[in-house]
Amino acid sequence: AHGNPTRWVGTHLDVTERRAAQEEERRRARELRAILDHSPDVIARYAPGGMCLFMSRAIETVTDRPASSFVGRRA
């Protein structure tokens with residue numbers, strides 16, 4: 001049976017709220033990162049096994065090493 005379809009089946013998913021929530025989460029993450037990067041204190045986050053997940057930029061004045069060189073390494 002070729003020709004024109006006799007019916008159409010589909011779904012519609014409104015992702016407006018999900019996208020807004022995701023954008024809000026990204027905005028908050030950027031804001032938090034800016035606060036942490038401008039803090040004069042060294043702030044770090046470690047995984048339970050001791051791997052560094054985050055190191056604030058203040059570590060650079062203490063060690064003369066970029067903060068990124070600590071991320072992914074064990075304490």
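Predicted model: local features only at pLDDT ≥ 70, side-chain atom pairs only at ≥ 80, totals over all residues.
**Entry 1: Arg27**

I started with Arg27, which counts as partly exposed at 35% relative accessibility (buried is under 20% relative accessible area, exposed over 50%, partly exposed in between, with a 1.4 Å probe and protein chains only). Residues are numbered from 1 along each chain as its sequence is written, and side-chain values use heavy atoms, with hydrogens and water left out.

**Entry 2: partners of Arg27**

I looked up what Arg27 pairs with. Its side chain meets that of Glu24 in a salt bridge, at 2.7 Å from N to O (the term needs a side-chain nitrogen of Lys or Arg within 4 Å of a carboxyl oxygen of Asp or Glu). Both residues sit in helix α1, residues 16-37, and are 3 residues apart, about one turn of the helix (helices are DSSP runs of H or I with at least four residues, strands are runs of E with at least two, and numbering goes from the N terminus). I have Glu24 down as partly exposed, at 29% relative accessibility.

Arg27 also forms a salt bridge with Glu31, at 3.5 Å from N to O. This pair is 4 residues apart in helix α1, so about one helical turn separates Arg27 from Glu31. Glu31 has a relative accessible area of 45%, so I filed it as partly exposed.

**Entry 3: Arg33 and Asp37**

Next I checked Arg33, whose side chain meets that of Asp37 in a salt bridge at 3.1 Å, N to O. Again in helix α1, Arg33 and Asp37 are 4 residues apart, hence about one helical turn. Buried or exposed: which is Asp37? At 12% relative accessibility, Asp37 counts as buried.

Then I went back to the shared partners: salt bridges link Glu24, Arg27, Arg28 and Glu31 into one network.

**Entry 4: around Asp37**

What does Asp37 touch, leaving out residues up to four places away in sequence? I got Phe54, Ser56 and Arg57, with contact meaning heavy atoms within 4.5 Å. Asp37 itself is found in helix α1.

**Entry 5: the whole structure**

Last, I wanted the overall tally. How many salt bridges does a search of the whole structure find? The search gives 7. My notes above cover several of them, including Glu24 with Arg27, Arg27 with Glu31 and Arg33 with Asp37.
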